[in-house]
Amino acid sequence: MISKNQIKLIRSLELKKNRRRENLFVAEGPKVVGDLLQAGYVPHSIFSTTVQPDAQLITDEELRRISFLQHPQEVLALFHIPEQSSDISHQPSSLALALDSVQDPGNVGTIIRIADWFGIDTIYCSPDTVDIYNPKVVQATMGSIAHVHIIYCDLLELFAHCQCPVYGTLLDGKNIYEQPLSADGIIVMGNEGNGISEAVRQHINHRLLIPNYHTGDHTAESLNVAIATAITCAEFKRRTTL
């Protein structure tokens, strides 16, 4: 049986300030929890509706009370937040992503999953990008949070010392399918509503455009940032991977 204090603690971790105070975050589902355990994340407590080693057995109703999901998935775990690096002294030797004030948890989680799929192991995040340990972010990564190195830092400081190419998708950019692309560098993805900030744009030395192929008068104004990330990463890898 789960205690009231345990329920209170778990539910409090929806907020960033509480996650930082407790140094804990929530992960749900066998896939996400399993990947985190395999990657060496240290569990604080594990709750499961089935008998598992090192897990506290709870009922389906208790799982529904503590879960952040509409459809809870058998297991919920609290993990200790690992020490997060802000070191930007070592420039990426391969392709990396940078998120400039990306706010939607689902988008950030999906971008982490996309990076994992395309073998991109580092993502730089501006301080105002949503916290990667938000329960919705963790869930959207589907376990990829365990495989990608996330660094929160001042992007302007990063780019000021960056010797590698800096790419960004912009409406005044050049067709990505016609431009030379490198196997190293940083790809910047911007805020859902405002795109890449003006200050960060000044550091982009390769401005790219994902072309719109719609031929009619009415078309979508823009792409979702996670979809744009997937298209961009796919083109980079298609061109630069033997």
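The open sheet has 6 strands, and their order is β7-β6-β5-β9-β8-β10. The pairing is parallel, and this is a predicted model. Which strands stand at the edges? They are β7, residues 149–152, and β10, residues 206–209. Each of these has a single partner strand, so one side of each has no neighbour in the sheet. From one strand to the next, the twist averages 35°.

Now one pair from inside that order. Strand β8 covers residues 166–175 and strand β9 covers residues 185–189, and the two pair in the parallel sense over 3 bridges. To place one of those on the screen, find Val 166, whose bridge partner in β9 is Ile 186.

Next, what packs on the sheet. Helix α9, residues 225–240, touches β5, β8, β9 and β10. The direction of α9 makes about 160° with that of β9. The other helix to look at is α5, residues 105–117, which lies across β5, β6 and β7. In that group, β5 is residues 95–99 and β6 is residues 122–125. Helix α5 runs at about 175° to β5.

On to the cysteines. How many disulfides does a search of the whole structure find? The count is 0. Take Cys 233 as a case. The closest cysteine sulfur to that of Cys 233 belongs to Cys 125, and the distance is 13 Å. A disulfide needs the two sulfur atoms within 2.5 Å, so 13 Å is too far for a bond. Is Cys 233 buried or exposed? Cys 233 is buried, at a relative accessible area of 0%. Cys 162 is also buried, with a value of 12%, because the cut-off for buried is under 20%.

Last, the histidine. His 44 sits in strand β2, residues 43–48. Its relative accessibility is 41%, so His 44 counts as partly exposed. Which residues does His 44 touch, leaving out those up to four places away in sequence? They are Leu 9, Leu 24, Leu 78, Phe 79 and His 80. There is also a polar contact, side chain to side chain, between His 44 and Ser 45, at 3.0 Å. For a sense of scale, His 44 and Met 142 are 98 residues apart in sequence, and their C-alpha atoms are 20 Å apart in space.

That is what I had to show.

Terms used
Residues numbered from 1 in each chain as written. Predicted model: local features only at pLDDT ≥ 70, side-chain atom pairs only at ≥ 80, totals over all residues. Heavy atoms only, no water. Buried < 20%, exposed > 50% of the residue type's maximum accessible area, 1.4 Å probe, protein only. Helix = DSSP H or I, 4+ residues; strand = E, 2+ residues; numbered from the N terminus. Contact = heavy atoms within 4.5 Å. Polar contact = N/O pair within 3.5 Å; in protein donor to acceptor, adjacent residues only side chain to side chain. Pairing = 2+ DSSP bridges. Axes fitted to C-alpha atoms, helices over the stretch in contact; angles between N-to-C directions.
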